[in-house]
Amino acid sequence: MFRKLIFALFVVSIVSCGSKPRVALPDDGGLKPSTQHQIIAKEVIGLLENASYKKVKMNDSISGIIYDNLIKGLDQSKNYLLQSDIDAFQAYKSNLAQDIKGGDLSSAFQIFNVYKKRYLERMQYALSEIDKKQDFTKDEYYQPNREKLGWFKTDAEANDQWRKRVKYDLLNLETASGKSTDSAKTKQVETLKKRYVNLISQTKKYNSNDAFQIIMQALTDAVDPHTSYFNPSYAQAFNEGMANTFEGIGARLTIDNEAVSINEIIPGGPIFKDKTIQVNDKIIAVAQGKDGEFEDIIGWRLDAAVAKIKGPKGTIVRLKIIPAGQPMNSHPRIVSLVREKIVVEEESAKKRS
């Protein structure tokens, strides 16, 4: 009887723990999936394979697409990850779909954790460069979007890119302000410091739900770009959209090379009435009320930027806008908008659905 009991407990242990995860995620402060994430992943895969109209099977082919979506979603411009990271990730590329189907999110979380580590390394290095004397007479070229280039081969190569990035950002701030006095340059340095410190702070606040959202989005996009998984905060925004009412400036936003971009203008909203803001214009800073100080939002997560831009009906938000097609060092226009409660017209709602 005792032997039978031990055997039964052993079987229960195997069933409850599942198979050994592909990656042993270290206890070094990196993010790990929860049991709830594992269960949800299995359920989502089950729906995609059996209930969706495509009924896509989780095989090597779809795994490759999920992998590409995940890498693109994390580091589309190739400004953070190293070639050695990408080489290490190849061990997971053909198995992502099958692993997620079995509730094993370890390899996907490993990719996210490495990206987060590299992001913080790059930002900390950039922060350390700001106070150094910059030689603006030196003939150098900075390529902000490296999507068509190779991955960094070494940390030194990545750091050189970010050394140039600091100079580029400082020049952009000087050009945008139109001032080159010592006091203006001091303020520009402080503005850039605040930007980098804020980005570091935002990144450190990423939690396992944020990582899971990005991973599941890579999965659902691989099956159907019109199918999405939403965690609770994303679901709230989606429900507001489905109700066709929300309070804000009347625009749908997206991230374009680390800048918040106008993706769609909603008829009848404040931006539509303003007439000066167009699709693909970029929002680089936000201020609250008539006298609030502008807060730089370049590089921010989209949800954090949207939270700054949205607000109660009747309140004022001011935006610094770079017109579509103009370089980021262009002098921005300042637009003041009164937030409204917006009811999306039925025809616009149909286009989204």
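The model is predicted, so local features need pLDDT of at least 70 and side-chain atom pairs count only at pLDDT 80 or more, while totals for chains, interfaces and linings use all residues. Residues are numbered from 1 along each chain as its sequence is written, and side-chain values use heavy atoms, with hydrogens and water left out.

A friendly place to begin is the empty space. Rolling a probe the size of a water molecule over the atoms shows where empty space is left. On a 1 Å grid over the protein atoms alone, a pocket is an open set of points where a 1.4 Å probe fits, with protein on both sides within 12 Å along at least five of seven lines; lining residues have an atom within 4 Å of a point. Grid points are joined across faces, edges and corners, and a volume is the space filled by probe spheres set on the points. The second largest pocket holds about 1,100 Å³ of space. It is lined by 39 residues, and those closest to its centre are L173, T191, R195, D296 and K320. Two or more lining residues come from each of α7 (155-177), α8 (182-204), β4 (282-288) and β5 (295-296), where helices (H or I, at least four residues) and strands (E, at least two) are DSSP runs numbered from the N terminus. Helix α8 gives the most, with eight residues.

Rings of Phe, Tyr and Trp (its six-membered ring) pair if their centres lie within 6.5 Å; planes under 30 degrees apart count as stacked, over 60 as edge-to-face and the rest as tilted. Y142 and Y168 form a tilted pair, because their planes are at 40°, with centres 4.7 Å apart. Y142 lies in the loop between α6 and α7 and Y168 in helix α7, so the pair ties together parts 26 residues apart in sequence.

Finally, S107 lies in helix α6 (residues 106-129). S107 is buried, with a relative accessible area of 0%; buried means under 20% (1.4 Å probe, protein chains only).

Technical notes
Buried < 20%, exposed > 50% of the residue type's maximum accessible area, 1.4 Å probe, protein only.
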